[in-house]
Amino acid sequence: MAWHNENKDEIIKKLGTNPEQGLSPDKAAQLLAQHGENRLQGKAKKTNLQRFAEQFKDFMVIILIIAAVVSFVVALNGHDKTEFLEPVIILGIVLLNAVIGVVQESKAEKALEALQNMSAPTAKALRGGKIQVIPAANVVAGDIILLEAGDFVPADARLLESASLKCEESALTGESVPAEKDAAAQVDENAPLGDRVNMVYSGTSVVYGRAKAMITSTGMGTEMGVIAKLLDNEQDEQTPLQHKLSRLGKVLGIVALGVCAVIFVIGIVSGMPLMEIFMTSVSLAVAAIPEGLPAIVAIVLAMGVQRMVKKNAIIRSLPAVETLGSASVICSDKTGTLTQNRMTLVKAWAGEGVQEITGDENERIKSLLMLGTLCCDASIETDGGKETYIGDPTEVAIVVAAKKNGIEKAKINADCPRVAELPFDSDRKLMTTVNMIDGKPVAIVKGAFDVLSQRLVDFDEAEALAINAQMGEDALRVLAVAVKPLDAVPQNPTSEELENGLTFSGLLGMIDPPREEAKEAVATCVKAGIRPVMITGDHVVTASAIARQLGILTEGSEAISGAELSAMNEQEFNLNIRKYSVYARVSPEDKIRIVKAWQNTGAVVSMTGDGVNDAPALKAADIGCAMGITGTEVAKGAADMILTDDNFATIVSAVKEGRGIYDNIKKAVQFLLGSNIGELFAVFFAMIIWQKSPLLAIQLLWINLVTDGLPALALGMEPVESDVMLRRPKPKNESIFAQGLGVRVVLQGLMFAVLTLTGFYLGLHTGGTVEAAQTMAFLVLAVSQLFHAFNVRSTHSLFVVGLGSNPYMLGAFAVSLLLIALITFIPPVAVVFGLVPLTKQLYLTALGLAFVPVVIIEIEKLGKFFLRKLSDKQK
C-alpha cells in the first residue's frame, strides 16, 4: 500500500489508532499476537550434515568412491594387508575435500542475520496515553512513536508531526545528505523511496529535529523487509571456475569409465584374472582423476587470499578471487565508494569571482566562511589528535572549510556569541542566528538561494543567478548567506523581522567529492578492458558530474534515471545496456536488474557498495565487493569481498591479483592434467601391449597427491605477470583449456606416456621382473613431472624467467625429490609401494629420461620466440 500517498486521517482510521493516546496495551498485544514480532525472517538454513552430504554429489567424487569400493572388495579377497591402503587413501581424500567444502559454506551466508541486527533495539511509543519505551520487536502497525535526534527508526511509519526533521537514509537510498522530512508534504503515489518525505523507514536514523509518527508496516512488510526478501530469494551464482572444474570432473570421470570398460574387455579376452582386471580398473580411475586438483585450487586461492589481505581486501569465499580477475564490468555505488561520503565545501563566491577553497582565501571569502560558521550548529571535536565531526554534513563542510582558513568555531562563538535564533524548518528552508559582532546584534541567514534571493535588497541578481546556476551545473549543493544588522536583540524573534531586507554575503558550493585515487583506478580498469558503471540513489545531475570527473561517463555513454529505467521493458533494456554508464535514483530492484542485464551479455559482473540497498545486487553479481569501514553489516554479509580501506583503488589491486591467480591455477591445471593424461595413456597402452599395468594404484596416488602436489602449489605462488592488466578480460564462457592449453595438456600427456612406457620396457627387459619394470616406470614418471613443473612456470624460457624468481618451486622440487627417494630406497616403505631395488645403470637411465621434458619444452619455447620475432619484423 502507498502509505505516503494516503490521507493521514484515512490511515488513522484504517489502522484503528488514536494520535493522542496511541494503541491500548491490550490492542497492541492482540496485534502483536496476530501479525508477529517486528523482525526480519529468513529461510531455513542448511545444517552442517546437509552441507556435508551435498559434497558427495560431484561426479568426480562419485567415481573415486566407486574406485575405493572396488579396491576394498579386492583387498578383502586378497591376502596382502597393504592392499587396504588404497581404499583408505582414496576415501581419506574424499572426506578431506568434503570437510573443506563444509567449512567454506558454513562461513558464507550471513546477510539476513546482519539485516536482523540492524533493527532498533527499543522505541518510544504512546500506549494508552503514556509514553513507554518498548522493545522494537514489539512495535505493531498503528503504534504512535516519538522520534528525536539520535533515534533509530524501528519500523516504517507515516509522519503525523515534524519539526526540522532530518533522517540519515544513505544505507537505504544511497543519498549522502540526510533527507529532510515534512509531515505535511503531499507526495505523489509513484514517488521513489528517496522522495517520500512524509515517511520514515526502518533501519534509518534521525540526525536532526523531532517527530511524531504512526507505524504503517513492520517486519517483512517494511522497505527493509522487501530488501530482505530480495536477498533471501536471490540464489548464489556459481563462479566461472566452479563451472569449469565441475565440467572437467564429469569429462574425466566419463573418460575413466570408458577406458575402464575397454580395459575390462581386453582383460577378459586376454584371460586375465578377474581380480587383476578390477585392480587395473581402479588404477585407471585413479590415473584419470586428478584427486589433488580441488584441494590444490582451494589452497592456491587461499594463498592468494592471504596476499590480498595485505592489500586491504578480505575474501569471504575462495573462488571469488578468480571471479574478480575475470570481471569485465564493475557496477559501483557512488556514495562512500567512488566518493568520500563527506560533504566538502569546494567553491565560494563573495562578489569577486568564484574561489576554490584551498585554505588560503581572501578576506571577503574568509568573512563569508565566518558568517556561515556562526550560523551552524555543527562542530568539530578533537580527542587524542583525532577529529570527530558532529552535526549536519552540510554544516560540517562549512565549519571544516572555515577551520582550513584559521577560523575556529569555538573561538568565534566566544567572540561573537549567539543571542537568538530561528531554527531551520522545511517550510522556510532557512536558518537564522543572531550573533553579537563587534558589540552589535547581527542576524545571519543561510539557506537555498532561490528562497533567500526573494528576501535580499540591493544586490546584483543577474550575476548571483549565473553563479548559482554555474555551481548547480557542477553538481554542487549551493547555500546562500546573508546578514541584517539589528538595532537590538529580539526578545521574540520572527521570520518577518529577521529574514527580510537582507544584505547578500555570498554563495557556498559543496559536494561529496570523488576519491582522489578513484579516478586513477577507473582509468586502470578501462585499460584492463573493464567497464566501470556507476549505480546510485543520488540525482542524475550530481551523479553525472561525479562520473565525468572520474572518467566513468565519457563521450558515447549516457546517464539514466530509475524512472526512465522502469519505463523500459526487458528486451529494450537488454539491447541498450551498453549505452549506460550512470544509473541514478535507482531502487534495490533496479540494481539487480542492471546486474542481471549485464550478465545476460556474457559479462562477469562485480558490484561494489556499502548500504543495505546494495545487498541484493551484491549477492546477485558474480562477485560483490562491500566497503569495510562505511559498509553496513548487511552489505558485508552479502558480499564476496570486503575492502578494509573503503578504497575503490583496492579493487584494481584485487583484479590484478585475481588475474594472476587464475593464470597460476591454469598452470596448476596444465601440470596436473598433463601428468594424469600421461598416466592414463601409459596404463592404457601398457595393457594393450603387455596386459600389465606399468603402475600400481597406490603408486599413482602417491604421484598425484604427494609428488605432483607440492610443485602444483608452487606454481600457485608464481609472481603476477607485469602486463596482466593490459589484457582484456577473458569471456565468461571461455574454457579453461582455451588458447591452446587443451592441446598442450594432451601432447604433454603423450610425452609422459612415451617416457613412462620406455622406462617400463627397459625395466622389464633389463630388470627381468614386472616389479622392476613398475619401479622404473614410477621413477621416470614421478621425476619427469618434477622437472616439467619448471617448464609450466611461464611461456618464456626457463633461462629468461630464472630459477630463483620463484623460490617456492625450488623448495617443492627438493622436498618432492626427497620423498621419492624415501619410498624408493627405504626397504620397508618400498615394499608397501611395490617398489624394488634397481641397478645403478637403470637409476641413471631413469634420471636421463626424466630430464627429457625440459629439453623438449625449451626447444618448443625457442621456436615460438623466433616465430614471434619474425612476425614482429613482418609487421
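These exercises walk through a predicted model, one topic at a time.

Residues are numbered from 1 along each chain as its sequence is written, and side-chain values use heavy atoms, with hydrogens and water left out. Because the model is predicted, local features need pLDDT of at least 70 and side-chain atom pairs count only at pLDDT 80 or more, while totals for chains, interfaces and linings use all residues.

**Exercise 1. The whole protein**

Task: State how many helices and strands the protein has, and what percentage of its residues count as buried.

Solution: 
- Start with the elements. There are 34 helices and 24 strands. Helices (H or I, at least four residues) and strands (E, at least two) are DSSP runs, numbered from the N terminus.
- Turn to burial. Of 875 residues, 54% count as buried. Buried means under 20% relative accessible area, exposed over 50%, and partly exposed in between (1.4 Å probe, protein chains only).
- Finish with contacts, meaning heavy atoms within 4.5 Å. Take those between residues at least 6 apart in sequence: 72% of them join residues at least 24 apart.

**Exercise 2. The seven-stranded sheet**

Task: Find the strand order of the open sheet with seven strands, and explain why one side of E11 and of E14 has no neighbour in the sheet.

Solution: 
- Write the order: E11-E10-E18-E17-E16-E15-E14, with antiparallel pairing. Two strands pair if DSSP finds at least two bridges between them.
- Look at the ends. E11 (354-356) and E14 (418-425) are edge strands with a single partner each, so one side of each lacks a neighbour in the sheet.
- On average, neighbouring strands here are turned by 25° against each other, direction ignored.
- Zoom in on one pair. E15 (residues 430-437) and E16 (residues 440-447) run antiparallel and are joined by eight bridges. Thr432 has Val445 in E16 as its bridge partner.
- H17 (residues 461-473) lies across E10 (344-349), E11, E17 (477-485) and E18 (503-511). H17 runs at about 10° to E18.

**Exercise 3. The partners of E1**

Task: Work out how strand E1 pairs with E2 and with E3.

Solution: 
- E1 (residues 122-127) pairs with E2 (residues 130-135) in the antiparallel sense over six bridges. Leu126 stands opposite Ile131 in E2.
- Check the turn. The hairpin of E1 and E2 has two residues between the strands, and Gly128 takes a positive phi near 60° there.
- E1 also pairs with E3 (residues 144-148), in the antiparallel sense over two bridges. Ala125 has Ile145 in E3 as its bridge partner.

**Exercise 4. Helices packed on H32**

Task: Describe how H27 and H30 cross H32.

Solution: 
- Take H27 (residues 697-707) with H32 (residues 807-825). Their axes come within 11 Å and cross at roughly 150°. Axes are lines fitted to C-alpha atoms, for helices over the stretch in contact, and angles run from 0 to 180 degrees between N-to-C directions.
- So H27 is roughly antiparallel to H32. Angles under 35 degrees count as roughly parallel, over 145 as roughly antiparallel, 65 to 115 as roughly perpendicular and the rest as oblique.
- The contact uses Trp702, Val706 and Thr707 of H27, and Ser816, Leu819, Ile820 and Ile823 of H32.
- Now take H30 (residues 770-792). The axes of H30 and H32 come within 10 Å and cross at roughly 175°. Therefore H30 is roughly antiparallel to H32.
- Residues of this contact include Phe778 and Leu786 of H30, and Phe813 and Leu817 of H32.

**Exercise 5. Two single residues**

Task: Are Ser164 and Met776 buried or exposed?

Solution: 
- Ser164 lies in E4 (residues 156-168). Its relative accessibility is 18%, so Ser164 counts as buried. Leaving aside neighbours within four places in sequence, Ser164 is in contact with Tyr208, Gly209, Phe424 and Asp425.
- Met776 is found in H30. Its relative accessibility is 0%, so Met776 counts as buried. The C-alpha atoms of Met776 and Thr756 are separated by 8.1 Å, with the two residues 20 apart along the chain.
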